[in-house]
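Please look over the model shown here before reading the notes on its helices, surface and side-chain pairing.

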Amino acid sequence: MLTAAAVLQDPSVTDSPLDKRIAFLQSKNLTQEEIDAALARAGDASSNPPPPPPPPQSYGYPTQQMTRQPNGYGYGYGPYPSGPWSQPIEPPRRDWRDYFIIATLTSTLGYTFFTLARRYIAPLISPPTPPQLESDKASIDASFARAFALIDQLATDTSAIITREEERTEKLDKALGQVNAVVEELKDAHKRRERESAMLADQVHSLRELVPKALEG
């Protein structure tokens with residue numbers, strides 16, 4: 001029992017709730033009478049707390065008295081301390097000059113926004129006028145006319161190129177025909193020379209055979 005009372009007097013245990021302390025003593029196999037006696041002994045020991053520490057030294061600043069509130073605020077204190085700084089701050093007083101300055105700034109900013117909107121935003125969202133439509137139509141027609149003229153010019157140039165290529169192809173075909181004719185003539189001349197050479201060789205061979213016979217006779 002004395003050991004349980006000493007454990008209950010420990011600062012880390014005295015801050016815990018009562019039901020947790022009772023559950024702790026029950027886990028140590030203590031009876032209800034022993035638990036009540038230990039709690040009573042721990043309560044007698046904690047009823048004589050050590051003397052509080054001396055108050056902090058003041059440095060001449062006005063002290064603020066904190067009023068303890070039973071419930072409703074965190075840490076048990078009220079929302080505002082009582083002292084010279086707890087007095088509410090009065091809002092600044094305004095006169096006609098302040099209102100004049102505010103009105104001047106507001107009108108200046110409004111006129112600036114209106115001018116910028118009219119100069120830069122209104123032309124983007126406003127519908128085109130009939131002269132603008134006519135001008136846009138004329139510019140589109142001119143663009144189409146230039147495009148069609150370019151297409152016609154391309155067609156003309158293409159036709160001229162095709163004609164020149166056809167003429168060039170015909171000339172090449174004629175030149176190739178002439179070359180083929182010359183090659184055929186050369187082949188025929190070569191064949192004639194070969195036949196003539198063969199005839200000359202036969203004649204020379206015949207003369208060679210006749211000369212000895214003529215000498216013998």
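## Basis of the values

This is a predicted model, in which local features need pLDDT of at least 70 and side-chain atom pairs count only at pLDDT 80 or more, while totals for chains, interfaces and linings use all residues. Residues are numbered from 1 along each chain as its sequence is written, and side-chain values use heavy atoms, with hydrogens and water left out.

## Overall make-up

The protein holds six helices and zero strands, where helices (H or I, at least four residues) and strands (E, at least two) are DSSP runs numbered from the N terminus. Of its 217 residues, 6% are buried, a class that means under 20% relative accessible area, with exposed set at over 50% and partly exposed in between (1.4 Å probe, protein chains only).

The accessible surface comes to about 19600 Å², and carbon and sulfur atoms supply 61% of that area; such areas come from the Shrake-Rupley method with a 1.4 Å probe, and for residues only the protein chains shown count as cover. Among contacts with a separation of 6 or more, 30% join residues 24 or more positions apart, a contact being heavy atoms within 4.5 Å.

Helix H5 (residues 96-125) has 30 residues and reaches 41 Å from its first C-alpha to its last, close to the 44 Å expected at 1.5 Å a residue, the expected span being 1.5 Å times one less than the number of residues. H5 bends by about 40° at Arg118, as given by the angle between axes fitted to the seven residues ending there and the seven starting there.

A nonpolar surface patch is formed by Leu109, Phe113, Leu116, Tyr120, Ile121, Leu124 and Ile125, which together have about 830 Å² of accessible area. Patches are made of residues with over 30% relative accessible area and no salt bridge, with nonpolar side chains (Val, Leu, Ile, Met, Phe, Trp, Tyr) joined within 5 Å and like charges within 9 Å. Phe113 is exposed, at a relative accessible area of 56%.

Glu165 and Arg168 meet in a salt bridge at 3.5 Å, N to O, and both lie in helix H6 (residues 130-216), three residues apart, about one turn of the helix. Glu165 is partly exposed at 39% relative accessible area, and Arg168 is also partly exposed, at 48%.

Technical notes:
Salt bridge = Lys/Arg side-chain N within 4 Å of Asp/Glu carboxyl O.
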